[in-house]
Amino acid sequence: MAFSAHAQSSADEWAIPARDFANTRFSPLADINAGNVGSLTVSFTFSTGYLRGHEAAPIVVGGRMFIITPYPNVLFALDLRSAGAPMLWRFEPKPSASAQGVACCDVVNRGVTYADGRLFFNTLDGQTVAVDAESGRELWRVKLGNINLGESMTMAPLVVKNKVLVGNSGGEFGVRGWLTALDAQTGRQLWRAYSTGPDKDVLIGPDFKPFYESDRGRDLGVSSWPPGAWQRGGGTVWGWISYDPELNLIYYGTSNPGPWNPEQRPGDNKWTAGVFARDPDSGEARWFYQFNPHDLFDYDGVNENVLVEIPVNGTPRKVLLHPDRNGYLYVIDRASGEVISAKPFVHVNTIESVDLKSGRPNYSQSRIPQVGKVVRDICPHAGGGKDWQPSAWSPQTKLLYIPHQNLCQDEEVTPANYIAGTPYIGATVKMYPGPGGHRGALTAWDPVGSRVAWEITENFPVWSGALATAGNLVFYGTLDGWFKAVDARNGKTLWQFKAGSGIVGQPVTYRGPDGKQHIAVMAGVGGWAGGVVAGDLDTRDASAGDGWAAAVPDLPKFTSKGGTLYVFSLK
Amino acid sequence: MCSRSSEPRERATAALLSPYRAGVASVVVVMLLLCACEREERQFSAQGGSSPSAASMAPASITLSDLQPGVSTQARRGERELEVNAFSISEGQRLYEWFNCNGCHANGGGAIGPALMDDVWIYGSAPANIYATIVQGRPNGMPSFRGRIPEQQVWQIVAYVRSLSGQARKDAMPSRTDSMQVKPRQVALPREEPKSSAPPSGNQP
Amino acid sequence: MHSALQPVGPRAELIADLMLLFFAVSAVVYVIVIAFLVWAIMRARERAVQLGPAATAQADRKSKVAVGVGAALTVLTLAGLAASDFIVGAILRQPPADPLRVLVTGHQFWWEIEYDDPVPGNRLRTANELHIPVGRPVQLIFTSRDVIHSFWIPSAMGKMDLIPGRTTNEIIQVSQPGTFTGQCAEFCGFQHSKMRLTLHARPAEEFDAWRQRQLAPAREPQTQEARRGQQVFMQSSCILCHSVQGTAAAATVAPDLTHIASRRTIAAGSLPNTPSALASWVLDPQRIKPGSRMPASRLPPDDLSALVAYLTSLQ
C-alpha cells in the first residue's frame, strides 16, 4: 500500500476533512456529474454501532477509508480494495466516560485527519492520539484538556509542516480557549496560543499587526475583561483551521466568550469570537479580526475560513471567505486582515451593519440582552445564521455553498455562576423558525457580487457539511435523513436518497481502487441541532437542548438515532 | 387560615356545649393547621425533622436494578417529607439554578444530561436514588457533588427534581415562574409514573 | 454613626434642611392651631351667656373672615412646602459632572458592590462595604437579584429601592471622612434586619490606594495552615458560591472573598470580622442568621481552623 507524504489530498483522495488546506471541500473528480447523478446508488454501508451525532468526514487514502465515531471515538479502517469494504482494524482510544458531561452539544467528533502515514484525532476527554494508518497501532497520545475545567475536544486536527494543530472545546463551560501545535512524530507540545489573557500567552509579539485600531494595545486579552474573567472567558478553538502555504499563515476562529450573559463581561472580550492569522512555525499571531466584539448571542467565530482568490474592484485578491454565526459573510484580505465586505446571507436583526472603517458591527440596541428582561425576536438565534457545518467552494461556479439554518429566538439572560466543570451559560433561549417558516437552507453565495445566487429551503436546519465537485454537483444532507445532489449552477435537485437516520456529517468523494468515483457520508442524527433525538430530550420544555427543543420538536417524528456510513457510486 | 365564622351567638354557644361537634371542629382545625405547617414550615438548619433521617435514606441501601435474585424485596418508596413543603421545593429550584443543574438538564427537558420531567429514571426515581445520583455522580457525565453540596441542600434539590415530573404534592409546587416561560406551569403538567428504564438507545447516557 | 439629622454631605444636608423646614413649619402651625383652639374654648365659656341674636350675625361674619384667612394661610404654607420639596428634589436629581459610578446589587441578605471603570479590567467587585472618596459625587446604580430591597445610609443619602429587572440610581456625596452605617430599608425576608453595610468615606488618595489594593488578586497563602485552608476552601462547598480572585473559585452567587480580611464585618454587618466570629459563622450560619443562604458546613475542627487561617490571610 502506498501512502503519500502530503497533508492535502491527491485528486482521487480525500485525506483531510476539508480536503485541502484552503478548506474548499471541492473535488476535481467529475465522473459523477449533473448528467448522470440520477443513477447514483448505494455501493456499501457500514454500521458504526454508536448512536450519537456522526459529524465526521470519512477519510480516504491509499485504498483505505478511515471513519471516526462520536464518543467513544472509535476509529475504523475499511479496505476499499475488497468487495463490501471489510474492516481492516478498529482502534478504541477508550476516553473517560465522564467527558460526556462536559460536551455542550452532543458528544460529537468532527473528524480524523491524515498525514504521512499517520492518522490524528482528538478524543472527547481532551487527548490527541496518533495512530499508524497501516496497522492501526497507537503511535502516541497526549492529554491536553482537563474535563474538570470543562474542557473537551471535538475538532478535527490539521497537520501543517509536520505540526498537528489542535484546539479545545468548552465555550459553554467557562473554558479558556487555546490552539496547540504538537510534533507529528512524537506528540511533543511545540507551542500553545491561548485566546484570552496576557499577550505572552496569546503569542502576540512584535509581528502582530491587526488591521483595525481596536485590536491594538498591550494585553487586551486581560484589560478587555472584568478582573480575572479572561481565565474562564471561552474563545475555544473547536472549528476549522485553514493554511496558506504562500503566506505561511494559518487561519482559525475563536469561540464565543463565556458566559453567554454579556452583562457579566463588560468589554470587547478579546480575543474571542474572531479570527486569528498565525505563523504555524512559531505560533506568533500576525493579525486578528473580531467578528463579534463583546458577543451578545453566542456567536462563535469558529466557522470555516475558505481561502480563495476573487476579483475585488477588478483586481484579483487573496481573501478568506467566512460565513459567520452572526449571519454575515465576511470577505477578508488574508494578508492584512482588512475586511473587504461583510453582507448578511440570512435574515439578521441583531446587527444593523458592519462598519468597514472601524471593522466593528453596529449592534441593534433593541436586541441587547439584559438581566430581568426577555428579549424577543432575535435573528439569527444562538446557533447563528450558520453553525459549524462547513460550506464548500467551487472554483468552477465561483460560488460558496453554505449549509445553514434559519432560526430566531427569544432570550432571557440570568447571572451565571462559575463552578469549574459545570456549564457556564446564564441564558434561557427559546428558538423558532425565522422569516419564511423554513428552518434550514442551502445557499449558493456569490462573494464577488455579495449576493445569493440561488437557495434551496429545507424544513429542518441543514446541519451537514457541503461537498462541491467538478461534475458541477453539490451534495448535502438534511436533519431528517435525506442526502441530496443538486446542480451547482442553479440548485436544481438532481438526486436524493433517504438514509436511516438524520445526516449531520460531512460528505466526501474519492476515486476508489475500482477506478470509480464514490460519494461517502455518515448518517447518524445528533449535534446541537439533532440533540432532541440523540439525547431523548423532552420537548415540552422549550429550553431543553439549550433552546433546540422548541426549534425542532417534531424531529423525533421524522428520524431516529443511527450511525451508518453510506457509500454511493454510479450503477 | 380559616375565616372566622359569624354565626349567631346562640349557635356558637350550642356548638361549644356539644362536645361531639367541638371535637370534630377542633380536629378539622388542627388538620388544616398541620397541612399548612407541612407546606409552609421553613427549616433552616440541618438538625431537625425536615431532612429524611440518615439511616432510612442511606445511599448504601439503594438499588439500581429491578432484578433481584430470589424473591424480590419491595422497592423502597422513600420518604417524602420535603415534597409537601413549598419552601424546600423552591429552595431546591434556586439551588438547581445556582449549581448549574439547569445547564445540563435545562428546565427538566434535558440537554447534556437526560430529561428529568419525563417518566424515564435510569438510576432510580426514589428520593434516595436521586440523592445518591447527585452525591456519587454517574459514569456517563453526571458529576459527583460529594462534599460540595451540603446534605440538606441536596435533599432540597431532590425535592425539586422530583417535582419536575409531578412527584411532589401539587399545592407545594411553584405555581408560576419568575422568568421567561419555557414550559407549561408545573402544576398543569400531569404526574409521570416513574419507570426504571434507560433511554431507548441503551448506549447513552 | 447614622442619623439623618447629622448629615455628612451636601445632598444629605439638603434633605436634612428640608426636614428641618418641614418640622419648623409644622411646629409653628401646630402651636398656632393649638393656641387658637385653647382661645376658642376659653372664649366660648366666657361669652356663652352674653350672646344674643344680633351678636350672632356679626360673629358669623367675623368667623367667615377668620376661616377664609386660615384656609388661605394653609394653602400658602402647603404650597411653600411643596415648592421647597420640589426644588430640593430637582437639585438632588441633577446629574453631577464626572461622578464615580458604582453598581449596587441587592441579594438576600447582602450587598454586592461593583466599581465601574472605562477599562473593564479595572472593575472591582466587593461586598457589604462601600468605599468612596470624600468630596466626589458617587452615582449608585441599583438593581436586585431576588426581591425588592432599599438602600439607605441615613447620614449620607435618602432611601432608594432596588428592584429586580430594573435599575434605579441615586447620588451620594460625603464631605467629611468617616465610617457610616447603612441598612436595608424595605422588608426583604427573614434577615432583613441583618442586611447592613458600611460606608467608608476617605480622602481621594487613600481611596485610590484602597482601590488598587482591592484590585490585586488574592494573596497566596503564606503559612502551612493557610495553604491547607485554601485546599479546604477549594474542595468543599465554599467554591460553589464564593470567589477568590486568582484561584479556581469564581462563583458569583455569594460575596467575593478575595480581600475578606480587609473588611470590618462579616455576614453583611452581622458580626465583627474576627477569627472566632468567622469560625462560628462558617460552622453554623443558620444559628447566627437563620434563613440566610449560607448553609452550615460540617467541617472537622482542624479543617475549620485551617480555613479560618486562610480567610484571615486574605488581606
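In chain C, β4 and β10 run parallel and are joined by 5 bridges. Strands here are DSSP runs of E, at least two residues long, and helices are runs of H or I, at least four, all numbered from the N terminus. Two strands pair if DSSP finds at least two bridges between them. One bridge to look at is C:L130, whose partner in β10(C) is C:L199.

This is a predicted model; local features need pLDDT of at least 70, side-chain atom pairs count only at pLDDT 80 or more, and totals for chains, interfaces and linings use all residues. Residues are numbered from 1 along each chain as its sequence is written, and chains are lettered from A and ligands numbered from 1 in the order in which they are written.

Back to the sheet. The order in chain C is β4-β10-β9-β6-β7, an open sheet of 5 strands with mixed pairing. β4 (129-133) and β7 (160-162) of chain C are the edge strands, each with a single partner, so one side of each has no neighbour in the sheet. From one strand to the next, the twist averages 25°. Helix α3 (residues 204-215) of chain C lies across β4 and β10 of that chain, at about 135° to β4(C). Angles run from 0 to 180 degrees between N-to-C directions, and axes are lines fitted to C-alpha atoms, for helices over the stretch in contact.

Next, the helix pair. The axes of α5 (residues 275-283) and α7 (residues 301-313) of chain C come within 10 Å and cross at roughly 125°. α5(C) and α7(C) are therefore oblique to each other; angles under 35 degrees count as roughly parallel, over 145 as roughly antiparallel, 65 to 115 as roughly perpendicular and the rest as oblique. Which residues of α5(C) meet α7(C)? They are C:P275, C:L278, C:A279, C:V282 and C:L283, and they meet C:L304, C:L307, C:V308, C:L311 and C:T312. Contact means C-beta atoms, placed from the backbone, within 7 Å. Ala, Val, Leu, Ile, Met, Phe, Trp, Tyr, Cys and Pro count as nonpolar, Asp, Glu, Lys and Arg as charged, and the others, Gly among them, as polar.

Last, the chains. In chain B, 32 residues are in contact with 36 residues of chain A. The chain B side of that contact divides into 18 nonpolar, 12 polar and 2 charged residues.

Technical notes: Contact = placed C-beta atoms within 7 Å.
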